[in-house]
Amino acid sequence: MCVPQRLAIAAARSLATHFAGNSCGNTSTMSEIDSDARAAFLKAAQSGDVDALEELLGDHPGLLEARSTSKGYTAMHYAAMAGSIAAVEWLAKQGLAPDVDSSVPPVVTPLQVALEYRRLSTVRKLQQIRDAKARRLEEEAEAAAAAEAEAEAAAEHAAAKAAAE
């Protein structure tokens with residue numbers, strides 16, 4: 001982890017600790033803390049620093065949904081921009097979708113960002129993660145349909161048995 005990121009993490013923690021005990025209910029200072037943590041999280045994604053991402057997410061679980069104010073990019077977008085396969089994989093394991101849209105027009109996905117910056121290895125990894133997710137969802141849907149069909153067959157069998165008695 002580089003020195004500026006360590007300082008940003010330390011500053012975010014220090015502010016969070018200071019204001020957590022502040023009983024005056026000043027929400028503007030809390031949003032500043034969130035802003036600092038969000039910026040540090042997105043910067044860690046952009047630099048591919050998985051250790052910093054893990055540390056920051058541990059301190060602020062809501063950071064997984066953090067977006068930049070300028071482009072509406074998530075950490076996945078920034079990791080894709082940097083070409084950091086390790087960060088992309090880690091973020092996907094944490095539940096951040098590899099095909100999430102940015103929130104500010106023009107709307108783009110991390111895959112599109114990786115293509116724009118010619119991070120071809122990252123493009124392949126994002127495609128693999130996306131395809132694995134699609135296969136997993138398809139398998140879950142098939143299993144649910146099979147379980148439903150089995151339950152219907154059992155109910156029909158029970159109804160037929162009851163009618164025969």
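**Notes on the predicted model**

1. The axes of helix H4 (residues 75–82) and helix H5 (residues 85–93) come within 8 Å of each other and cross at roughly 160 degrees. H4 is therefore roughly antiparallel to H5, since angles over 145 degrees count as roughly antiparallel. The crossing of H4 and H5 is left-handed. All of this is read from a predicted model.

2. On the H4 side, the contact is made by Ala 75, Met 76, Ala 79 and Ala 80. H5 contributes Ala 87, Val 88, Leu 91 and Ala 92. By residue class, the contact of H4 with H5 has 8 nonpolar residues, with no polar and no charged ones.

3. For the protein chain as a whole, the secondary structure comes to 7 helices and 0 strands. Read from the N terminus, the order of elements is α-α-α-α-α-α-α.

4. The protein chain has 165 residues, and 32% of them are buried. Taking contacts between residues at least 6 apart in sequence, 63% join residues at least 24 apart.

5. Thr 122 deserves a separate entry. The residue lies in helix H7 (residues 120–164). Is Thr 122 buried or exposed? Its relative accessible area is 1%, and Thr 122 therefore counts as buried, the cut-off being under 20%. Not counting residues up to four places away in sequence, Thr 122 touches Ala 80, Gly 83, Ser 84, Ile 85, Val 88 and Ala 114. Ala 80 and Val 88 in that list also take part in the contact between H4 and H5.

6. Ser 102 is found in the loop between H5 and helix H6 (110–116). With a relative accessibility of 4%, Ser 102 is also classed as buried. Which residues are in contact with Ser 102, leaving aside its neighbours within four places in sequence? They are Arg 67, Lys 71, Gly 72, Tyr 73, His 77, Val 107 and Val 108. For one of these, Lys 71, the C-alpha to C-alpha distance to Ser 102 is 6.8 Å, while the two residues are 31 residues apart in sequence.

Conventions:
Residues numbered from 1 in each chain as written. Predicted model: local features only at pLDDT ≥ 70, side-chain atom pairs only at ≥ 80, totals over all residues. Heavy atoms only, no water. Axes fitted to C-alpha atoms, helices over the stretch in contact; angles between N-to-C directions. Helix = DSSP H or I, 4+ residues; strand = E, 2+ residues; numbered from the N terminus. Parallel < 35°, antiparallel > 145°, perpendicular 65-115°, else oblique. Left-handed = near helix turned anticlockwise from the far one by under 90°. Contact = heavy atoms within 4.5 Å. Nonpolar A, V, L, I, M, F, W, Y, C, P; charged D, E, K, R; others polar. Buried < 20%, exposed > 50% of the residue type's maximum accessible area, 1.4 Å probe, protein only.
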